[in-house]
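This report describes a structure with attention to its chains, its helix packing and its cores. Please keep the sequence and the model in view while reading.

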Amino acid sequence: MAEIFVLAEHRQGQIREITYEMLTKGREIAEKINAELTALILGKDVKEKAKVLSEYAKKVVVFEDNKLENFNSDTYQKVLSSIIMEQKPLLTMIGHTSYGVELAPRLAALLKIPLATDCIDLAFEGENLTVTRQMYGGKVNVKAVLKKAYSYMITARQAAFASKKPQPPLNGEIIEKPSPLTEEITSKRFLGYVLPPPGGVDITAAEKLIGIGRGIKDQANMSMMKELANTIGGVLACSRPVVDKGWLPSDRQVGSSGKTVKPKLYIAVGISGAFQHVLGMKNSDLIISINKDPNAPIFNFSDYGIIDDLFKVVPALTNKIKEEKKQKGI
Amino acid sequence: MRNALNIIVCVKHVPETSEVELKIDACGKSIEKARLIFDINEWDDYALEEAVRIKEKLGGTVTAITVGPEESDTTLRKCLARGADKAIRITDSKIEGSDGYGIAKILHSVIKNLNYDLILTGSQAGDDGYSMVGPILAEMLGIPHTTLVKKIELSTGVARVNRELEGGIEEVIEVKLPALFAVQTGINEPRYISIMGVRKVMQKEIKVIDLTETGLSENDVGEAGSWLKIERLYVPPVEKQAEFLKGSPDEVAAKIVEILKIRGLI
């Protein structure tokens, strides 16, 4: 029977959500093509976690080793290449996360099996594995076919698949395997975590956020954005390019590598809407987006859209709000 | 402090699309590129800047390398103007259609014969977003790698590197050199390159290598040598259709204010 592997991702004792998303998608594919779903977990003291995973998969393979305490793509590659070569799964699913992008391409190159990264959908169509990915920051979707092989690998985009616990739980078999790591790997060593500096503004607590992106073009335009935020009684947040350019500190960044926010109002100004950003704000109560590109992906996640030059709309909006407040005598 | 380093930076010449309306071309497998402006891939720009900063601090050389048609020379000239010492372009019509795996093989075929202590790439390309060339290249060269790099501190034979994880957390790792680092945006502030700066390097040589010189065959590259074959491009389906507010900026602003009032937000 064909097998589908899903690599569990965990950090600091927590299984990451992407794991359940992949197990849910993996189960759907397994049912369609009559394959068996197997979760893999690598780490130190992970047997308890294996129990949780067993609710989602028919089999859970556990590799316990002190050398696997922290994620390291070199140690993971040793373990995973040995089990993939041994069991030849039809498909291995890994998260398109900071861990997955470090691990999957190199592992696939070593095994010489085709890999499609950052997939938002996948299905076996006949003998072919077809995937859906995105290009140009989410402006275009691509359907692609992987080169025919005995074994395939994909990395799955975060939040692309819903996670659903099977009812009743599958209570899969837990299989402990001896770690193939014989010696300490020294080419790459984990030293520690760096947490974001404390203090600053907590954008997750704000009711109204003005999210600004690349479209604001120049630091000189920040004052126009600040004025809108102040007038509306909100806080400035941003997408990645604004932090990269040093216009706002990193604690204002919304998205997968920043914060997840759910304000009552999110006004996206000059943000095209790459998925990394959308992931962090799409559950806001009301989303209004201003962008001059009518096909900007952000409009696909917004309640209201304005296709226009933000440098005209933002001052007009600030003025209108001021007038409104004046009328109300605020 | 360590000795001078030979650094290779892998760069890609890509269309700038973040604020442009894209159109899918007639064959459905690509976008219309005629009107687009091309530039160095954003992530690679940070990698290049990092390489030049290391050179300025420790000495050594920076070699920029790309795979692509003649137009890519614009990006290589930018690299030279920023401070790269040498530029190499691997080019061949047969390369067209290569995915990240194909490109990694091509880069490997040339880089394996060069001297290097450090290879820098971007963590991804803004066009196809594979995020795979760096790690695959490192595997082929048999050197350690790490991705999403936000900080590099070099000492003798080893680098201490911060890499970006989710949710604002970074991890610190130690990597033995020679190594490959795939750089995340925001690691530095790339300096501005003036047109004058680019003009100054117009006469510098760009070494051009074709497929036969790499030792690779036609089957190693293009669609035949890739993992992925593109079937079609299409506009992403809409998750939540926005209602578009139309009119002059003042009219639109008035409409937004109405919406905010109804919701009790002002």
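Chain B has seven helices and 13 strands, where helices (H or I, at least four residues) and strands (E, at least two) are DSSP runs numbered from the N terminus. This is a predicted model, in which local features need pLDDT of at least 70, side-chain atom pairs count only at pLDDT 80 or more, and totals for chains, interfaces and linings use all residues. Residues are numbered from 1 along each chain as its sequence is written, while chains are lettered from A and ligands numbered from 1 in the order in which they are written.

**The two chains**

The C-alpha trace of chain B spans about 65 × 45 × 40 Å along its principal axes. Of the 266 residues in chain B, 48% are buried. A residue is buried if 20 or more other C-beta atoms lie within 10 Å of its own, exposed if 12 or fewer, and partly exposed in between, with C-beta atoms placed from the backbone. Two residues are in contact if their C-beta atoms, placed in that way, lie within 7 Å. Among contacts in chain B between residues at least 6 apart in sequence, 71% join residues at least 24 apart.

Chain A comes to eight helices and 18 strands, and its C-alpha trace spans about 70 × 45 × 40 Å along the principal axes. Of its 330 residues, 53% count as buried. In chain A, residues 24 or more positions apart account for 64% of the contacts with a separation of 6 or more.

**Helix packing**

Two packed helices are described by the angle between their axes and the distance between the axes. Axes are lines fitted to C-alpha atoms, for helices over the stretch in contact, and angles run from 0 to 180 degrees between N-to-C directions.

| Pair | Angle | Distance between axes |
|---|---|---|
| H3 (residues 73-87) and H4 (residues 98-111) of chain A | about 45° | 10 Å |
| H3 (residues 100-111) and H4 (residues 133-141) of chain B | about 45° | 9 Å |
| H8 (residues 310-328) of chain A and H7(B) | about 50° | 8 Å |

Angles under 35 degrees count as roughly parallel, over 145 as roughly antiparallel, 65 to 115 as roughly perpendicular and the rest as oblique. By its angle, H3(A) is oblique to H4(A); likewise H3(B) is oblique to H4(B), and H8(A) is oblique to H7(B).

In the pair within chain A, residues of H3(A) including Tyr76(A), Leu80(A) and Ile84(A) meet residues of H4(A), among them Leu103(A), Leu107(A) and Leu110(A). This contact of H3(A) with H4(A) has eight nonpolar, three polar and two charged residues. Here Ala, Val, Leu, Ile, Met, Phe, Trp, Tyr, Cys and Pro count as nonpolar, Asp, Glu, Lys and Arg as charged, and the others, Gly among them, as polar.

**Where the chains meet**

How many residues of chain B are in contact with chain A? The number is 70, and they touch 79 residues of chain A. On the side of chain B that touches chain A, the largest share, eight residues, comes from H7(B). By class, this side divides into 37 nonpolar, twelve polar and 21 charged residues.

H7(B) also packs with H8(A), as tabulated above. Residues of H8(A) including Val313(A), Leu317(A) and Ile321(A) meet residues of H7(B), among them Val252(B), Ala253(B) and Ile256(B). The contact of H8(A) with H7(B) has ten nonpolar, no polar and four charged residues.

Thr185(B) lies in the loop between strand E10 (179-183) and helix H5 (195-200) of chain B. Is Thr185(B) buried or exposed? Thr185(B) counts as buried because it has 23 C-beta neighbours inside 10 Å. Leaving aside neighbours within four places in sequence, Thr185(B) is in contact with Arg240(A) and Asp244(A), and with Glu42(B), Trp43(B) and Tyr46(B). The C-alpha atoms of Thr185(B) and Asp45(B) are separated by 8.5 Å, although the two residues are 140 apart along the chain.

**Nonpolar cores**

In soluble globular proteins, nonpolar side chains tend to be buried together. A nonpolar core is a set of buried Ala, Val, Leu, Ile, Met, Phe, Trp, Tyr and Cys residues joined through C-beta atoms within 7 Å. The largest nonpolar core has 124 residues, of which Val6(A), Ile154(A) and Val9(B) touch the most other members. Not counting residues up to four places away in sequence, Ile154(A) touches residues that include Leu91(A), Met93(A), Leu115(A) and Val131(A). Apart from this core lies another, of 48 residues, among them Ile212(A), Ile216(A), Val235(A) and Ala242(B).
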